[in-house]
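Let's take a walk through this model together. Have the sequence and the 3D view open side by side, and we will go from one end of the chain to the other.

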Amino acid sequence: MSVPEAPAYDVGDVFLPTPDEKVPPKMSLTSTAHQLVTLASEGGESGGNHESLNPYLTGGGAFLALLLLLWITTRFNRDR
């Protein structure tokens, strides 16, 4: 087995933007987490709850919807 002497690509073919071009920033886990924390803290003390939303009603409705989906799924699965 022989090792190729030249690289698989030419270094001149690599795209490097000039300083005046706008290039999107590279994403990393730490920069993304920092942006999300900053975005979350911009909301201040107001919170995200609307006055007309009752958490018990919303949770109960979601629970009933999931029970309905479970019942429908078991009706179609009659092979057991």
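Of the 13 residues of H1, how many are buried? The number is zero, so H1 lies largely in the open. Keep in mind as you look that this is a predicted model. Helix H1 covers residues 29–41, and from its first C-alpha to its last it reaches 18 Å, close to the 18 Å expected at 1.5 Å a residue.

Now zoom out to the whole chain. You will find two helices and zero strands. Buried residues account for 0% of the 80 residues. The chain exposes about 8,500 Å², and 65% of that area is supplied by carbon and sulfur atoms.

Next comes helix H2, which spans residues 55–76. H2 has 22 residues and reaches 32 Å between its first and last C-alpha, close to the 32 Å expected at 1.5 Å a residue. Look at the start of H2: there, a side-chain oxygen of Asn54 comes to within 3.2 Å of the backbone nitrogen of Tyr56.

Ile72 counts as partly exposed because its relative accessibility is 33%, between the 20% under which a residue is buried and the 50% over which it is exposed.

Notes
Residues are numbered from 1 along each chain as its sequence is written. This is a predicted model: local features need pLDDT of at least 70, side-chain atom pairs count only at pLDDT 80 or more; totals for chains, interfaces and linings use all residues. Side-chain values use heavy atoms; hydrogens and water are left out. Helices (H or I, at least four residues) and strands (E, at least two) are DSSP runs, numbered from the N terminus. The expected span of a helix is 1.5 Å times one less than its number of residues. Buried means under 20% relative accessible area, exposed over 50%, partly exposed in between (1.4 Å probe, protein chains only). Accessible areas come from the Shrake-Rupley method with a 1.4 Å probe; for residues, only the protein chains shown count as cover. A polar contact is a pair of N or O atoms within 3.5 Å; within protein, one must be able to donate a hydrogen and the other to accept it, and residues adjacent in sequence count only if both atoms are side-chain atoms.
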